[in-house]
Each structure stands twice: as structure tokens, then as C-alpha cells.
Amino acid sequence: MGRLAPVCHLLTACVIMSGTSAEVLGSDHPNGSVDDMVEPRTAPGRRNVWLVALVVAVVLLGAAVMAVSLRPGRSHGPEAVTLRPKAVRPHFDHAPVITGPFATPQAVTLRCLECHPKAAEVMRSSHYLWLGEEGEIPGRPGKVRIGKKNLLNNFCIATRGNEKSCMKCHAGYGWVDETFDFTRKENVDCLVCHESTNTYVKGVGGVPTKETDLVAAARSVGTPRRENCLGCHAYGGGGQAVKHGDLDSSLAHPFEEEDVHMGGHGFACVDCHKAPDHQIQGRAFSVSVEDAHGVACTDCHLAKRHADERIDRHLAAVACQTCHIPTYASRIPTKANWDWSKAGDKGRRDDPHSYLKIKGEFTYQQDALPEYRWFNGTVGRYLLGDKIDPKQVTTLNPLQGSISDKTARIWPFKVHRGKQPYDAGNDYLFPPVTGGAGGYWTTFDWPSSFALGAKASGIPFSGKVGFAETDMYWPLSHLVAPKAQALGCTDCHGDKGRLDWKALGYGGDPIKTGGRP
Amino acid sequence: MRRALAALLLSTLAAAAPALAQQPVNPIHPSFAPLDAAGKKVRTAAAMSSDATCGACHDASWIGAHTGHAAAKVKTACIQCHADGGALDVREATLDAEGRLKREALRLGKPRAANCAACHGLAFDATTPVALPADIESADPGRGAVYRMTMGEGAIVAPQKMSEAFLNLEGKAGLGSPWDVHAAKLVDCAGCHYAPNDPGRSVERKKSLVYLTTDPRRPSSAEFLLRPDHRLAEPSCRDCHDALKAHDFLPYRERHMAVVACAACHLSSPMGPVAELVDATVATLQGRPAIRYRNVVRQPGEPLNAATVRPFRPLLVSRVEGDGTARLAPVNTVTRYAWVSGPNHLEVPWSKVLEVFIEGSDHAAAVKALFDANGDGRLDELELRLDSRAKTVLIADRLRAAGLIEPAIEGTLDTVPLAHGVPARDRALRACDECHAGDSRLSAPFTVAGYLPGGEPPRPADGKRLDLSGTLSQAPGGGLLLLREGGSAPGDLHVLGHSRQGLSNSLGFGLFVATFLGAAAHGLARWTLRRRRDAAEPHRRGEKAYLFGRYERIWHWTMALSGVLLIGSGLEIHNSGRHLLLDLPRAVSWHNVFAVVLMANAFLSLFYHLTTKAIRNFIPSPRGLAARVLEHMTYQSRGIFFGGEHPSNAPGHKLNPLQQLTYLALLNVLFPLQIVTGLLIWATGTWPAVAAAVGGLSVIAPLHNFGSWLFLTFFVLHAYLVTTGPTPTEHLTAMITGFGEVHAETSSSERSGT
């Protein structure tokens with residue numbers, strides 16, 4: 001009935017108008033035989049006839065519009081998500097303008113800067129500095145500047161003293177020790193992100209290996225492709241998918257079932273991780289403590305667009321990722337556990353997925369269930385020199401947020417658990433030197449590698465080495481599955497749900513006990 | 001003791017079913033000592049009596065008298081439904097010194113899906129893979145009800161997605177829906193089939209006092225636990241769902257909800273294996289009856305789990321639902337044949353049938369000799385059936401030899417309404433022409449039984465007459481086929497686009513064709529004789545005069561346009577949107593909208609004609625009417641060909657008497673008929689009672705249909721007569737520009753064409 005209301009309005013309008021029209025029509029009537037039946041009128045309004053025509057036209061037009069718009073059959077489910085249209089990237093074939101030859105990789109950079117002088121702005125980015133902006137760390141006073149340069153993790157532990165191999169992933173040339181000059185523009189590595197031959201290989205200190213064809217790489221430059229990013233981000237921690245549970249080389253050619261953005265819609269990393277002024281959006285909570293310059297699902301998607309309002313209500317307590325990333329490491333296993341204390345055993349056979357003499361013992365997980373925690377988008381951070389309790393597990397980036405924190409939501413995490421060497425005299429975690437001459441990987445002697453590390457990072461070493469358990473939280477945001485694979489009610493609620501409600505602070509399954517107050 | 005044994009037997013059977021959601025340890029149920037029937041403490045599960053043990057606190061005899069789970073063949077014990085896996089874990093290790101069960105053995109409580117599934121059909125929890133258990137085709141007569149929900153309805157209750165099942169489902173990758181959307185949203189069996197006096201459930205509206213919405217008097221928890229009413233609720237969808245608050249996309253929502261059961265659309269293509277015929281008169285090499293499925297594509301000897309399951313298209317019948325309303329509802333029929341013997345026609349034990357058919361690990365030699373038609377040494381599906389007298393006699397003889405008296409074949413026909421395993425809404429029927437088309441599922445033939453073992457027709461299982469809304473007839477292969485007349489619908493529903501209007505349609509069409517041919521012949525004759533006519537009465541160019549005022553032209557063309565669109569969209573509805581110009585919902589919208597335009601236009605022009613007295617043009621002058629009619633008819637049949645004089649109209653009349661009579665009928669009969677019947681059809685959606693009062697759609701729709709043929713006939717005639725002016729386009733030009741030729745001597749009266 002309601003849908004006919006417009007017609008009724010039009011009808012009423014017609015009836016009202018018809019009073020006028022019928023009167024004036026007489027005047028317009030031809031002098032036929034009807035004349036003697038109709039009282040001749042000398043009404044003034046020939047214009048009114050047009051009014052009648054207008055009304056009829058409006059009726060017809062309205063009817064036509066309604067007939068088209070009344071089309072039933074629209075789904076009451078959500079419309080397609082508002083995907084941000086992929087940016088149209090102008091491509092300029094650089095091959096004709098890059099001639100070479102280049103004696104050094106720095107010469108390539110200087111050639112780039114001839115036309116792109118502004119690109120030197122990348123020198124302010126964490127991709128070059130390996131340090132973030134100065135800021136506060138939740139739970140500790142004062143401002144600090146942190147980044148890969150000065151932090152510890154429970155993978156390869158620290159970059160300090162290990163620059164020669166760590167800096168293979170630095171977007172620069174020649175960072176082999178603390179003498180590296182960050183101010184020299186030619187030390188920026190443009191090619192690692194922009195070349196597209198897939199033949200560009202960085203060696204010691206980030207300098208390309210001598211086999212690398214610099215001219216070919218330089219002639220191939222363009223917008224960064226997934227392969228450019230994955231070259232470093234899928235191999236962090238010394239191997240494929242060691243660090244991130246949701247980034248590995250399979251994303252170079254992903255299936256839709258694996259990642260709906262990159263596999264289903266052909267997204268490149270830079271479609272979400274935009275880089276205004278070469279300051280690339282996105283935060284990893286292994287090196288950042290907040291996500292002020294991060295990427296969120298809601299940058300593109302309207303959050304409250306689920307077909308079922310009950311799902312929308314979850315958004316107050318559940319992150320998008322929690323339901324839409326049902327598992328991680330779906331195609332390539334990721335490292336879940338790393339025990340450094342087992343390293344150095346000559347008797348054991350090396351197997352990159354379970355034991356390496358230089359690194360210790362590992363376990364890997366594939367298609368793993370995430371762990372779920374409250375998370376408000378900030379983490380604390382273990383800094384060099386912080387005391388630990390070696391009997392307890394030390395969390396290097398403790399998640400902030402709890403059930404009573406309204407800004408916190410339940411997020412999915414890969415938790416990497418490690419057992420790493422520490423200074424047993426001073427009770428702090430320690431950055432040993434592993435690679436290079438005198439490093440642990442050559443000597444298999446912890447005290448001497450600690451001594452080298454003490455020199456490199458300027459932190460005292462007591463002489464006693466022990467092993468302490470640590471863990472790190474890696475929130476999952478990649479590997480978003482197609483919506484058909486998103487979690488359903490019974491994945492969390494009911495008898496065999498994947499959430500531990502008690503551990504999250506609920507009285508029980510909130511479907512019965514109610515949500516947080 | 002017997003009950004305990006039965007419980008034990010059934011619990012072992014339940015254990016054979018897949019591992020399902022289990023009862024967790026009950027944190028508050030008081031511990032108790034298992035007792036035997038005599039009330040003595042026992043220390044083994046086998047010796048325990050449910051009635052005595054549970055009856056120590058709960059009123060077992062009252063419950064036994066108030067349960068729907070006590071049919072003749074069904075023996076149920078409390079723990080079968082309330083304990084984990086259908087049995088309590090009673091053994092030395094789980095009992096304390098005083099003979100009471102330890103807390104960790106108290107795995108009992110509200111029945112879980114697993115408990116119900118042990119007898120009713122397949123149910124799975126969120127993590128157990130969905131697969132068919134090996135014994136699903138078992139013939140054990142004691143398990144007659146087992147898997148009825150799955151084999152009868154095609155329902156599998158599980159929260160998991162169909163695409164993740166360990167089954168070969170057709171189009172599996174695209175089956176993202178859960179098997180059962182209720183299970184997926186944590187509504188378990190007991191969520192719908194609850195104890196009606198459970199104080200935790202809202203008490204149903206009292207039927208006797210209409211002004212009460214609920215009854216606040218309800219038993220206390222203690223009273224309920226003492227005497228829980230086990231006549232479990234069997235609610236309909238509408239008890240929880242308000243269908244009118246969804247289905248925005250659906251035209252005529254109220255009408256659809258009034259005559260279509262929810263299940264008709266929401267259970268339109270179950271993906272579980274659906275049985276058609278369970279033939280226990282024969283035994284396969286696997287020691288099972290021969291089972292024919294409706295939706296399983298299976299290689300010989302293939303396990304059911306490996307076969308391909310296709311969507312099952314159920315039979316739609318008119319079925320009275322819980323609220324007393326008959327609606328279109330989906331059902332399946334399962335025919336079951338078995339040997340019976342003795343004066344009471346008791347079913348022959350399956351072991352005897354096996355004995356007769358199987359010798360060692362092969363079919364008995366005598367059986368094989370007769371049955372193996374193609375001589376390949378094994379009995380395939382087509383051979384292993386009692387489809388000839390010789391085969392039936394052989395087996396009957398062998399049964400007699402095995403000691404059975406008067407063995408005979410009996411078949412029962414069971415109608416199973418589809419109610420469980422509702423998938424997500426994207427699997428509900430959405431396409432209009434699934435019903436609103438001449439050849440839709442409403443009158444599709446349905447195989448009741450592919451063949452009849454022993455040639456015996458089946459009898460309805462519950463003795464009641466079945467109304468399958470069709471005629472049962474012999475199928476070519478010797479089976480039973482349910483046939484429905486094309487265009488008919490169960491429950492005598494009139495379904496737009498599907499139901500045929502028979503007589504009115506043929507009559508109307510005949511009239512239309514006759515008129516069309518008549519006009520064509522008339523036109524051909526005019527064209528053939530045009531020279532002769534011109535010779536007799538050469539065309540004289542008359543003076544131009546303003547014949548049709550602006551408003552006259554506007555209303556004329558508005559009427560013409562809306563009329564054409566109404567007829568076009570009406571034809572689309574008539575043929576269920578199959579002309580591809582408009583789909584059915586769009587055609588209905590256009591039809592409704594232009595009906596309003598036409599009515600508004602008619603109303604406005606009526607107003608105009610009344611106020612300007614132009615209406616007089618349409619009223620025949622009674623004086624000399626008959627003579628003038630004759631005169632005009634003579635002209636149309638003679639003068640128009642040979643150049644006769646066009647007869648004049650009654651003085652002061654713009655239209656000739658033939659036109660006047662036509663318009664009189666058109667405006668006073670056809671217009672009101674179409675408007676009233678059209679409004680009634682439209683009102684069926686919102687106020688079904690109005691249409692029902694005059695006989696319902698099956699009376700109104702044929703009238704409207706006939707009226708529209710008359711309209712189409714008028715259109716043809718009208719369009720043809722337009723061409724009979726001085727020149728073929730003369731009248732048309734006049735109606736467009738307003739100016740037409742006027743001849744001095746005939747004045748304005750010669751305007752015959754409109």
C-alpha cells in the first residue's frame with residue numbers, strides 16, 4: 001500500500017487540477033457541433049490548458065518513474081562493499097631514458113634524483129631510518145624514538161652489531177656499522193621498492209650483489225608491486241614467513257580463498273599501504289607502539305554493512321579481522337616457536353623447519369588458529385636494558401586493552417613464543433652479535449658474542465648468559481578470506497567455540513551471559 | 001529390565017552414529033546412585049533402570065504418561081535423551097563408596113542434538129566433519145524411525161557450511177550456506193521442541209481468552225523439574241519469525257505468506273540424500289534393502305558417502321499448518337516395502353530375508369538363476385527387484401521354506417513434510433517462475449515409486465487418506481507417478497502466470513482472432529475494390545476543421561498508451577515474464593501503475609464529459625436508432641467498398657450509432673469489469689477476504705483475462721476503423737493535430753472512424 005502513495009498524491013493533484021481544466025477546456029473547444037451543447041465561455045486562460053497537459057505529463061512521467069523504481073527483488077543484504085577504486089597509476093616506461101652504465105648503485109639513485117628530486121623525502125621514513133617518530137610508549141614515562149635500529153625481538157634478536165646481514169633489507173646502501181651516513185641522498189635504495197625485474201638482490205649492508213644488473217633494474221622501475229614489498233616483509237627473521245603469520249611469498253600470486261583483496265581483486269600492497277610523500281602507511285606492532293599512521297579496514301569499508309544487525313553489534317567488541325581472518329599461514333607455514341637455547345648442538349641434523357645449529361629449535365604452524373586478545377591499538381615495549389624476571393615469560397610488546405577498556409576490541413594474533421639468551425647477571429635481554437667474524441654463528445660461544453654485542457650496542461655484559469622465555473604479539477590483518485569463509489556464530493559461541501571466554505574476562509559465553517557492560 | 005536392555009541396545013546404536021556434540025559435566029545436578037528396577041543400588045550400566053534411578057526424584061510415571069516419545073514401537077528411557085551419548089557411564093571407576101556417581105560422570109542435562117540425532121536423523125556439531133554414517137542404509141526394522149529426518153526430508157542439521165562437508169554435493173564449492181541456519185545460530189533441537197510447561201519458555205498465548213497475551217501463571221522450576229511435560233512443542237516457523245517484517249523484495253507479501261508455507265521456498269532444495277523407495281523385500285550383497293534415492297547419482301556398489309548428491313526438488317502439496325491454515329508446503333514421499341507373514345501381517349524379520357537372499361558371501365544360487373537377467377553373475381539394481389510374478393513366487397516359496405506362514409508383500413506410503421535443515425536465505429527460492437510459470441514446480445510430475453515390488457500398490461502409512469493434489473498413475477517402468485494437470489495448483493490456488501484460464505482464455509482468444517481476420521478481410525476487400533469506389537465517388541478534398549480539442553486528444557492518447565502498456569504487461573504476467581521484455585515483478589508493477597493511470601485518466605475524462613455535456617456524444621439517440629444502425633451496417637458492408645454515401649449521424653451527434661453502442665458497452669461494461677476485477681486481484685494481496693467473498697482468484701482472474709481479450713479485440717477494431725476515413729491516415733492525423741477534413745454536405749457528422 002505504501003508504495004502506491006505517490007500515485008495517490010498524483011491522483012489527488014489531478015482531481016484538483018481537473019476542476020480548473022474542465023472549465024477552461026470549453027474555451028478551447030473547436031467550433032464543431034458540440035458548440036451548441038457547450039456554453040460558450042470566454043475564459044481567459046489558454047495557458048491553463050498547458051497546465052492540464054503538464055498534469056497529465058506529470059502523471060505519466062511519475063508512473064513511468066515508479067514503474068521503473070518499484071522494481072522488487074532487491075536483496076536486503078548489504079550492497080557490495082565500497083571498495084576504493086584502485087588508483088590509476090600513470091606508467092612511464094623508463095627504459096628509454098635510463099641508459100647507464102652505472103658504476104655503483106648510488107649512481108642509479110643519483111640518476112633517479114635528477115628527475116625526482118622530491119623523492120629524497122624517503123630519507124625521513126622508517127623504511128630508511130629504521131626509527132619511528134619520537135613518541136611515548138604506553139606504561140612508561142618520557143618520549144623515546146624506537147625502531148628496528150634499537151629494538152629487540154625474539155627472532156634474530158637485534159640488528160645492532162649484525163648490520164651486515166640485517167641491512168640486506170634496508171632501503172639504503174652500505175649500512176654496515178654505526179658509521180653509516182644517513183644524510184647522503186645517494187645512499188637511498190630506490191630500486192628495492194621500484195624495480196620490477198625480480199633479479200635485484202641485495203647483499204652485505206644492503207649493497208646489490210655484483211651479479212645484479214643495475215641497468216636492467218633501473219630501466220624497469222615503476223610502482224611497487226607485491227613482489228617488491230614481499231622481498232623483505234615475507235622474509236623477515238631470516239626466512240620465509242618467519243615473522244608474520246599473514247605475509248609470505250605466496251601472496252605474490254595469491255588465490256582468492258587465501259586473500260580476497262590481493263587474490264580476488266588483484267590489489268597490490270600499495271593500494272592499501274599508500275605512501276604520501278614516501279611515508280608508507282601501515283604499522284607493525286613489533287616495531288611500533290601505536291597505529292596513528294596505520295591502515296584500517298574502515299578506510300574503505302563501511303563497518304556496519306552486515307546483512308544481520310546481530311553481526312553489526314559485534315563491532316563494539318570484535319575487530320573485523322577476528323571474523324574475516326579465520327586462520328593464518330594458510331599456504332606457507334609460519335614460525336610459532338624459537339628456542340635459542342638448543343642452538344650449537346653439533347650432533348643434530350639441520351632442518352630449516354625444526355632445527356638449525358646456528359639458531360636452535362623451531363616449530364612451524366600452518367593454517368593456524370589465531371589467538372584472541374583484547375587490543376586497543378597500542379602496545380607497550382620492552383626496551384634495551386629493561387629488567388626482566390627470567391622465571392616469567394617476558395612479553396616484548398604487551399598488548400594494551402582489556403574487557404573494561406571500551407576502546408579495546410578482540411583481535412586475532414599470531415603469538416611468537418621464544419626462548420632467547422639474556423644477561424643472567426644483569427637480568428636483562430641482550431643483543432648478541434651473531435653474524436660475521438666472532439659472532440655466535442661462527443664461534444657458537446654465547447659469552448664472546450655477548451661481549452661483541454655489548455660493544456656494538458653500548459650495554460654492559462655481566463659475563464653470565466642464561467635463557468629466558470619471551471613472547472611477541474603479531475596482530476593479523478592480511479589474508480582476509482572471502483566472506484563465505486568468515487567465522488559464523490558457532491565458531492566462537494556454543495560448545496566448541498574457539499574463544500576462551502573466561503580468559504577474555506567474560507563470565508561465560510556472552511550469548512548466554514551477555515556482553516561486556 | 002527389558003527397558004534397560006532396550007536402552008543399552010539403543011545406546012550402542014547411538015554409539016554407532018557419528019560423534020556429536022556431547023553433554024558436558026552437569027555442574028548442578030545432584031549426584032545419585034544408579035538403581036535397578038527394584039530400587040536396589042547397582043554398579044553397572046546394564047543393570048541400571050532409568051525409570052527407577054531418575055524416578056527417585058522426577059515423577060517418571062507422570063512423565064511416561066505425558067510424552068510424545070512413547071509410541072508403540074518406540075521405547076525410550078530418560079538417559080537415552082538426557083545423558084551423554086544416550087548412556088550414563090556407570091562402572092566401578094565412576095562410582096563412589098556409597099554407590100553414587102562421581103561428578104565427572106554426571107554428563108547429563110537438556111537433550112543435545114546428538115541425543116535427538118541418534119534416532120531422528122543426522123546432526124553434527126561445529127567441528128565434527130559432516131559425513132554419512134556407514135549404517136545409514138541399515139534395514140533393521142527396530143530402527144524404522146532412524147534417519148527419517150535425513151532420508152525422508154533430506155535434512156542434515158549442522159552449523160557447518162555445506163561446502164565443507166565430506167560429501168560429494170553437486171555445486172559444492174558454491175554451497176556457502178550452513179546445513180541448518182538454526183544450528184549455525186545456536187538454536188538446538190530443544191530450542192524449538194521444548195517442554196511446554198518449561199517456566200524458562202514464555203508461556204504461549206491463551207487461545208481461550210483472546211484478550212490475554214500471556215499467562216503469567218507458570219510452574220516453579222522445582223515443579224517443572226518434578227513433572228516436565230514431555231509432549232514436546234512442535235512450533236511452526238511463524239512462532240518465532242515474523243515473515244511480514246522480512247521479504248521486502250516480494251510483491252504481494254501478505255498473499256504469499258497467506259498461501260505459501262515458509263518451507264516451500266526455504267526448503268526448496270535439500271542437499272541430504274532423500275529416499276524414494278525402501279525395498280526391504282530384497283537384500284543386497286551388503287545385507288541391506290534396496291534403496292532408491294531421489295537425488296543421488298551413484299555407481300553400482302558405491303557407498304552412499306561417495307555418491308553425488310544433487311539438490312532435491314520436493315513435491316508441493318496443500319497442507320494444513322499448525323495455525324490451521326492450508327498452505328503450499330513441500331513434502332517427500334517414501335514408499336517402504338517389506339515381507340509380512342501370518343494372520344496379523346507382522347513384518348518378516350530382516351534376518352529371514354537375508355537368509356533367503358544371501359548364501360555365504362553371494363546371492364543364493366536359485367535367486368541368482370532367476371534374477372540375473374543379463375547373466376553377468378551378479379544382481380544389479382535393475383535385476384534385484386520383485387518385478388515379475390515368477391520372482392515374487394520364488395522368494396515367497398523360499399520364505400515358506402524358512403518357516404514363515406503366508407508370506408506376502410506390503411508397501412506403505414509415508415508423506416514426510418520438510419521442516420528441518422533450513423539453509424541460509426540465499427538458498428531460498430527467489431525466482432518467480434519457479435511457481436508463476438505454466439510449467440513450474442506446482443504441476444511437475446512426481447515419481448512416487450520407481451517400481452512396485454510384487455506389483456502391490458502401497459497404502460498410506462498412517463491409514464489416512466493422502467491428498468497429494470494430483471492423480472496417481474502407472475509409470476512406464478511399473479512404478480507410481482503423481483500427475484497434475486498443467487496449470488493447476490494444489491489447494492485450488494490460482495497462481496498468476498501458472499494457472500490457465502481455460503474457457504475464458506479460449507473464448508477471448510477466439511473472439512480476438514475472428515475480429516482480426518474480419519478486419520483483415522474487410523480491409524483487403526476495400527483495397528481490392530478501391531478503384532471501383534473512387535470511380536463511383538471520387539474523393540473530394542474537403543475543408544480542414546478543428547475537430548478534436550487539446551484535452552480530447554490528450555485523454556485519448558493517455559488512454560491509448562496506458563491501454564497498450566496494460567495489455568503488454570498483462571500478457572507478460574499471463575506468461576510469467578517469459579517474453580523477456582519485463583520480468584514478472586516488474587510486469588506486475590507496470591500493470592499496477594498504468595492501471596492507476598488509466599483509472600485516473602478515465603475519471604478525469606468522465607468529469608470533463610459530464611461537465612461539458614460532451615457525454616451526449618456517447619449516448620445514442622433513441623429515435624430511429626434501429627434504422628440508423630442498419631443504415632451504417634449496410635454502409636460498412638457495401639457502400640464502403642463501392643462508393644456509397646456515408647450515412648449521417650443522429651442530429652447533433654459526433655459519433656455514429658455503431659460507435660455509440662460500442663462505447664456504451666465499453667464504458668459501462670468492460671471498463672467497470674476490468675477495473676473491479678483488477679482491483680480485486682490487486683486487493684488479494686492485502687485484503688484476501690475481499691476477493692474470497694466473490695469466489696477468489698480462480699473466478700476473478702478468468703473474468704479479467706476475458707475482459708482483456710475484449711479490450712484487445714476493441715483495439716484491433718478501433719485501429720482498423722481509423723483507416724476507413726476519406727484517406728487511410730485521415731482520422732489518425734485528426735486525432736494528432738486536431739484538424740480533420742470536413743465535407744460541406746455531411747458537415748461534422750462524418751467522423752466515423754473513432
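**A tour of chain B**

Guide: Chain B is split into domain 1 (275–296 + 315–420 + 430–491) and domain 2 (502–533 + 540–742), with bounds from an automatic or database domain assignment. This is a predicted model, where local features need pLDDT of at least 70, side-chain atom pairs count only at pLDDT 80 or more, and totals for chains, interfaces and linings use all residues. Residues are numbered from 1 along each chain as its sequence is written, while chains are lettered from A and ligands numbered from 1 in the order in which they are written.

Visitor: How far apart are the C-alpha centres of domain 1 and domain 2 of chain B?

Guide: The two domains of chain B do touch, with 5 residues from domain 1 and 5 residues from domain 2 in the contact (C-beta atoms, placed from the backbone, within 7 Å). Their C-alpha centres, though, are separated by 58 Å.

Visitor: Are H15(B) and H22(B) roughly parallel or roughly antiparallel?

Guide: Helices here are DSSP runs of H or I, at least four residues, and strands are E runs of at least two, numbered from the N terminus. The axes of H15 (residues 502–528) and H22 (residues 697–722) of chain B come within 8 Å and cross at roughly 5°; axes are lines fitted to C-alpha atoms over the stretch in contact, with angles from 0 to 180 degrees between N-to-C directions. Angles under 35 degrees count as roughly parallel, over 145 as roughly antiparallel, 65 to 115 as roughly perpendicular and the rest as oblique. So H15(B) and H22(B) are roughly parallel.

Visitor: Is B:Leu382 buried, partly exposed or exposed?

Guide: B:Leu382 sits in the loop between helix H13 (365–371) and helix H14 (389–401) of chain B. Buried takes 20 or more other C-beta atoms within 10 Å of a residue's own, exposed 12 or fewer, and partly exposed lies in between, with C-beta atoms placed from the backbone. B:Leu382 has 13 of them within 10 Å, so B:Leu382 is partly exposed.
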